[in-house]
Amino acid sequence: MLPRILQLNNELDGSIFLFGARQTGKSTILRQQFGKDSIYIDLLDSELRSRYSRRPVLLYEMLKDKCAGTIVIIDEIPEVPHLLNEVHRLISERGLLFILCGSSARKLKRKGHNTLGGRALPVFLYPLVSAEIPVFDIDRAVQYGMLPPHYLAENPARHLSAYIDVYLKEEIKEEALVRNLNSFQRFLEVAAVTDGEIVNYNNIAQECGVSATTVSSYFDILEDTLIGYRIPAYTKVVKRRIVQAPRFYYFDVGIANHLLHRKELVRGTVDYGHAFEHLVIQELVAWLHYSHSEEKLFYWRTYTGLEVDAIIGDARVAIEIKSVEEVLPRHLKGLKAFGEEYPSSRRIVISLDRINRKVGNIEFIYVLDFFKLLWDEGL
């Protein structure tokens, strides 16, 4: 088992909701980091799930005599959300610590279940990051993504195909989140085409044969089930007119590659460049969360086409991502324009160029060195 950067013991200043997309390794990290030091309740066990569904008070009866500070893990709590009332009572009366695990908060939000009134803070587990893999293969990550079963598998393509099928069946069809599964499946493919691009709800609606409002709700579903996220534009205006629509990314580049039928990605191609950018964004998203940063991730683009792939915080760091093995002056137009607007920003180009250097106010950093810098020192 690969050790994970997320250390849940450090998060246990009270109870927590541990959320993460399917197969990010939630159950593994719980067993790895707590083992016998906790009470573990797995609601994927159909018999247990059925009993707790019929009589949620069983949880209280089981735990009411445990000492304050006892750690109780409930895996897949959204399967029996009524248990949250008993969890609430056990936290308040007995001082127990709960780790409530799930792949989606949507069931809890949708039906207005008890979310413990701030007594459990949300923590997110992301796919693997480079620092968690002893011998990290950038090309493998770009092709197959960073979900543990996919990155480590002998046949990742087959695992990816099964993952999409399971997601559609379990997260969408069985929960009846959408009326027309076929239109939603088409939406997944169109969303993949726009992965890393600016979201245009009207254009996507035309492609899918549904309304723009429906498309917006579909993106909400992807975010609530942790399958994707929208990155907002940095819109603080100085001189130039700025695009304000968000960009969308699937939570793992391997998912986008599979939906787009990207196979055998080769360096120097457009498809490799898109996937490479996605992987770096994915790493930045995980780093910001795991480091408890209050800064947010943005992108920046002007109406004339100048853009920067990632902005951290209030223009503190600007990052351009290029999958080239030699960075040229033409690759720097966006960063230079951003520097004119925000001269105090730190500007970085991340690429496959192995020669790290600084030219003027722009740093050139090889991608693997950047990942090491990110996790060892931060930005």
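Which residues do ring pairs link into a cluster? They are Phe 184, Phe 187, Tyr 201, Tyr 218, Phe 219, Phe 248 and Tyr 250. Rings of Phe, Tyr and Trp (its six-membered ring) pair if their centres lie within 6.5 Å; planes under 30 degrees apart count as stacked, over 60 as edge-to-face and the rest as tilted.

The model is predicted: local features need pLDDT of at least 70, side-chain atom pairs count only at pLDDT 80 or more, and totals for chains, interfaces and linings use all residues. Residues are numbered from 1 along each chain as its sequence is written, and side-chain values use heavy atoms, with hydrogens and water left out.

The structure holds 22 aromatic pairs. A pair of aromatic rings is described by the distance of the centres and the angle of the planes. Phe 184 and Phe 187 form a tilted pair, 5.6 Å centre to centre with 45° between the planes. These two residues are three apart in helix H9 (residues 181-193), so about one helical turn separates them. Helices (H or I, at least four residues) and strands (E, at least two) are DSSP runs, numbered from the N terminus. An α-helix has 3.6 residues a turn, so residues three or four places apart point the same way. Phe 184 is buried at 0% relative accessibility, and Phe 187 is buried with a relative accessible area of 0%. Buried means under 20% relative accessible area, exposed over 50%, and partly exposed in between (1.4 Å probe, protein chains only).

Tyr 229 and Tyr 249 form another tilted pair, with 6.3 Å between the centres and 35° between the planes. This pair links distant parts of the chain, since Tyr 229 is in strand E6 and Tyr 249 in strand E7, 20 residues apart. Both Tyr 229 and Tyr 249 are buried. E6 (residues 228-231) and E7 run antiparallel and are joined by four bridges; two strands pair if DSSP finds at least two bridges between them. Arg 230 has Phe 248 of E7 as its bridge partner. In a regular strand the side chains alternate between the two faces of the sheet. Strand E7 (residues 247-250) is covered on both faces, with Arg 247 and Tyr 249 buried on one side and Phe 248 and Tyr 250 buried on the other.

Next come the sheets. Five strands form an open sheet with parallel pairing, in the order E2-E3-E4-E1-E5. Strand E2 (39-42) and strand E5 (120-124) are at the edges with a single partner strand each, so one side of each has no neighbour in the sheet. Inside this sheet, strand E1 (residues 15-19) and strand E4 (residues 97-102) pair in the parallel sense over four bridges, and Phe 19 stands opposite Gly 102 in E4. Helix H4 (residues 83-94) lies across E1, E3 and E4 and runs at about 155° to E4. Axes are lines fitted to C-alpha atoms, for helices over the stretch in contact, and angles run from 0 to 180 degrees between N-to-C directions.

Another open sheet has six strands in the order E8-E9-E10-E11-E13-E12, with mixed pairing. Its edge strands are E8 (297-301) and E12 (357-359), each pairing on one side only. E8 and strand E9 (residues 307-312) run antiparallel, joined by four bridges, and Arg 301 stands opposite Glu 307 in E9. Helix H13 lies across E8, E9, E10 and E11, at about 15° to E9. Helix H14 (residues 333-341) packs on the sheet, touching E8, E9, E10, E11 and E13, and its direction makes about 55° with that of E9.

H13 also packs against helix H15, at an angle of about 10° with the axes 11 Å apart. The two helices are therefore roughly parallel (angles under 35 degrees count as roughly parallel, over 145 as roughly antiparallel, 65 to 115 as roughly perpendicular and the rest as oblique). Contact means heavy atoms within 4.5 Å, and the residues making this one include Phe 276, Val 280 and Trp 287 of H13 and Phe 370, Leu 374 and Trp 375 of H15. In H15 (residues 367-376), Val 367, Phe 370, Phe 371, Leu 373, Leu 374 and Trp 375 are buried. Just after H15, Gly 378 takes a positive phi of about 85°.
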